[in-house]
Structure formats: C-alpha cells, structure tokens
Amino acid sequence: MTLAERCRADFPILERRINGNPLVYLDSAASSQKPRQVIDAVRRYYETTHANVHRSIHTLGEEATALLEASRDKVRAFIGAAEREEIIFTRGTTEAINLVAQAIGRTIKPGDEVVVTEMEHHSNLIPWQMLCRDRGAVLKAVPVIGDGFLDLEAFSRLLSSRTRVVAVAHVSNVLGTINPVGEIVKRSRAAGALVLVDGAQAVPHMPVNVEGLGADFYAFSGHKMLGPTGVGVLYGRRAVLETLEPAWGGGEMIKEVWIDHAQWNDLPWRFEPGTPPIAPIVGLGAAVEYLSGVGMEAVASHEQALCRLTLDLLAKNGDVTIYGPRNPEIKGAVVAFNVRGLHPHDVAHLLDQEGIAVRAGHHCAMPLMRRLGVVGTLRASFSVHTTPAEIEHLARSLSNLNLML
Ligand SMILES: Cc1ncc(COP(=O)(O)O)c(C=O)c1O
C-alpha cells in the first residue's frame, strides 16, 4: 500500500463530492486538510480538558497547561531546536514574522538595511517594508533569476556592514524553489546580520532541522502542516531572543508588575502575551505526531514523486507554461503554471467543475508575479493524501479545457 493510500482514510473531507465529482484537493500549500487524529485531539480537548492555561490551580487548568506545554516539546523535537524555550507559539507565520520585525525594529536605526528576496510571500515582505518606513531603514531585495533561483552573487553584493536582518523563504510558495538557507546564513552571519527564515512551505513537506540550518528565527504555520488554523510557531535562537524586548505587552508575559513598569517573564512566555490559542496548539501537537508517524523523509519523497509526475505530464501539454525549477529534487511540493490564452481564475473555475481544487492568483507574491511577467498563475500543491491518479486527472482536465469552454 502506498503512503497516500494509507493516509487517505484519515482525512474525512476527502469523502466530499464537489459539483458531483470526488474532491481532488490540490491546494494544500494554501491550507492543508486535517486528519481525524488532529480533529479528534481538538474535540477531545474541548470535551474533557478545556480551561485557561498557566494561571488556574484547579485540575483542568493544570491539565490544559500540561497539554499545551507538551505540544511545545513535540514541536521542539520535530524541528530539531535545542531548547523548548526557543519555541514561541503565535497565530501563524504572519504573526511570527511581525513579532520579530517589531521586536528587532526597536533596535533599527536610520540607514540600517534589511535584505529580503523577490520571491517572498507578502508575509515576509510587508512587515519589513513597514519597519524600514518607520525607522528610516533601507529595504533591498535579492533578484530571482533563471528558472526561479536566488541570485546569490547579487545577494553577497547586497550585504554590507549596515545589514541588520536577512529575511528569506526556505521554500517559495510559488516556484517551489528550495533556497540554500545554510549558505545564506553563513554569508549573513559574516556580515553581522540576523537571519529570519519563512518556513511556511518547508516544515509541512520535508525534514527541517533549525539547529543545522543555523538561522536566528524560523517561522511556520500549523494550518499548512495538517494542524488547525490559528496557530503558528516562531523558533528563535535563545541567545538572540534573550537580547530582544517583547513585541507586545499583556498578561502572562510578565513576572512582576508595578503601575509604571514591569519585569518580563522567562522565555518563551515573554513573547506570548494573553491567552494563547490553546486548542489549536493541542491540535498542532497531534499534527506533529501524525507527520512524525508517517516520517518526514517519506513525506518528502512521496511529494517529490508527485512533483515529478506533474512536471512530466504538464510539459507534454503545449499550451501550458510551467514556472519554477524543473528538477523535482530541488523543489518543494508545489507546481505553478499557466494555460495559454486563459486567465488563471477561469482555469481554476473550470477545474472546480470537475471537483479539482487548485489555487489561482498572485499567491501573495506580487513582486514575483511582476518578475515572471504574469498577473497570476495556477498552482497545484500536494500533501500526504495526494495520489498519482489525482495528478493524472488534473493533466487530463487541462488537456480537455477547450472541450469545457
Ligand atoms: C511562504 C509563505 N509564507 C507565509 C505565509 C503566510 O502564512 P499564514 O497566512 O499562515 O500566516 C504563507 C501562506 O501562504 C506562505 O506560503
């Protein structure tokens, strides 16, 4: 039995029919579907354990706190962080990046520089734009060249003694390019800059070891990795986190409060003000357990095979243009493409008539769309439950588009 055949029964939503057809869900990069194990963990939590965390002395409060902190341990192990204090729960990748931008922002001076790339999701661009605007800093972007790679020579030229932060995607949500984060960290560190990696499209699809990568910050979302919406993770190196003031204030992030000042709590709670998204965090713990059970190496090779099949089949269609690297071995679990003469939204609508869900649009990466010279693209993306038959169905439907018009 293949990995997908084993996993499919775990995803109740795959029983749905869309416009009379079985659902072919090829939009996991936007948000993944949830296995029963995650849904059950959230339901069980609400049915048996819910209370607020880190404050109540009663049994439910202590059990809820234990569940939340157990999820932190699971996430730590899953991404190879050295210490649980380095795992900060947020509402998602976007909030994690804003947290870093605001915390670091306090230390940024006019003329300091931030380096991003042309392939960033707006989540890893707008917070840095806002920071640079507010602090009089300069934003620079590494160009995308060839089939969708970062121009590393240009990157080296952009680094200077004024570079304070380098913010880069681990895997592009459009091109699928796996960026050479280790090398980027090495060069950035030599220039004295901190590195934030947007791992939203990496953690759900391949083994990630943050210690090995060496980045200072690593952000990702629960809902893209089979977990619930409303939860994400910011990994931060303890040595760096210790130097930062909290981004936001509120309950739980303090140890002692006077009317005119306060003493911050220990890591990681210093960066987690207010009631956290407890149930989503518990669900994220279940998602991490599920993915670990399947094995991230197995997930990566399953999705690489799907990527190869998609690239091969789409390349046979003379009307289809593919964007991003053609080699699935250096690519994440997405394939972006366009169909000649048709707007991506129209193609997505036609595919939906057949039950096939793909993403169409600018993918929150408008500067990249400009670089590619398109208004938008279609994007097929994969998960553990995706089968080769579904990819063949997509390719067949694309070939028959003229019949559907
Ligand atoms: C590469 C990348 N970064 C950031 C995000 C934003 O994630 P979220 O909306 O979960 O905060 C996404 C979501 O599509 C993404 O693909």
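Biologist: Does Gly212 count as buried or exposed?

Modeller: Gly212 is exposed, because it has 11 other C-beta atoms within 10 Å. The general rule is a count of C-beta atoms, placed from the backbone: 20 or more others within 10 Å of a residue's own make it buried, 12 or fewer make it exposed, and counts in between make it partly exposed. This is a predicted model, in which local features need pLDDT of at least 70 and side-chain atom pairs count only at pLDDT 80 or more, while totals for chains, interfaces and linings use all residues. Residues are numbered from 1 along each chain as its sequence is written.

Biologist: In which helix does Gly212 lie?

Modeller: Helices are DSSP runs of H or I with at least four residues, strands are runs of E with at least two, and both are numbered from the N terminus. Gly212 lies in α8, which covers residues 210–213. The C-alpha atoms of Gly212 and Ala81 are 9.1 Å apart, although 131 residues separate the two along the chain.

Biologist: Where is Leu150, and is Leu150 buried or exposed?

Modeller: Leu150 is in strand β8, residues 149–150. Leu150 is buried, because 23 other C-beta atoms lie within 10 Å. Two residues are in contact when their C-beta atoms, placed from the backbone, lie within 7 Å. Apart from neighbours within four places in sequence, Leu150 is in contact with Thr117, Val142, Val144, Phe155 and Asn179. Leu314, 164 residues away along the chain, has its C-alpha atom 24 Å from that of Leu150.

Biologist: What can be said about the whole protein chain?

Modeller: The protein chain has 15 helices and 19 strands. Its C-alpha atoms fill a box of roughly 70 × 55 × 30 Å along the principal axes. The radius of gyration is taken over C-alpha atoms, and the globule rule is 2.2 Å times the number of residues to the power 0.38. For 405 residues, a compact globule would have a value near 22 Å, and the protein chain, with 22 Å, agrees. Buried residues make up 49% of the 405. Among contacts with a separation of 6 or more, 71% join residues 24 or more positions apart.

Biologist: Into which domains is the protein chain divided?

Modeller: Domain bounds come from an automatic or database domain assignment. Here domain 1 is 3–30 + 295–404 and domain 2 is 39–292. Their C-alpha centres lie 28 Å apart.

Biologist: Which residues of the largest nonpolar core touch the most other members?

Modeller: A nonpolar core is a set of buried Ala, Val, Leu, Ile, Met, Phe, Trp, Tyr and Cys residues joined through C-beta atoms within 7 Å. The largest one has 117 residues, of which Val100, Leu196, Ala215 and Val282 touch the most other members. Helix α10 (residues 278–294) gives the largest share of this core, 10 residues. The core lies between domain 1 and domain 2, because both give residues to this core. Leaving aside neighbours within four places in sequence, Val100 is in contact with Leu196, Phe217 and Leu234.

Biologist: Which residues come nearest to the ligand?

Modeller: A residue is near a molecule if its C-beta atom, placed from the backbone, lies within 6 Å of it. Of the 13 residues around the ligand, Gly92, Thr94, Asn173, Ala200 and Ser221 come nearest. The shell divides into 2 nonpolar, 10 polar and 1 charged.

Notes:
Ala, Val, Leu, Ile, Met, Phe, Trp, Tyr, Cys and Pro count as nonpolar, Asp, Glu, Lys and Arg as charged, and the others, Gly among them, as polar.
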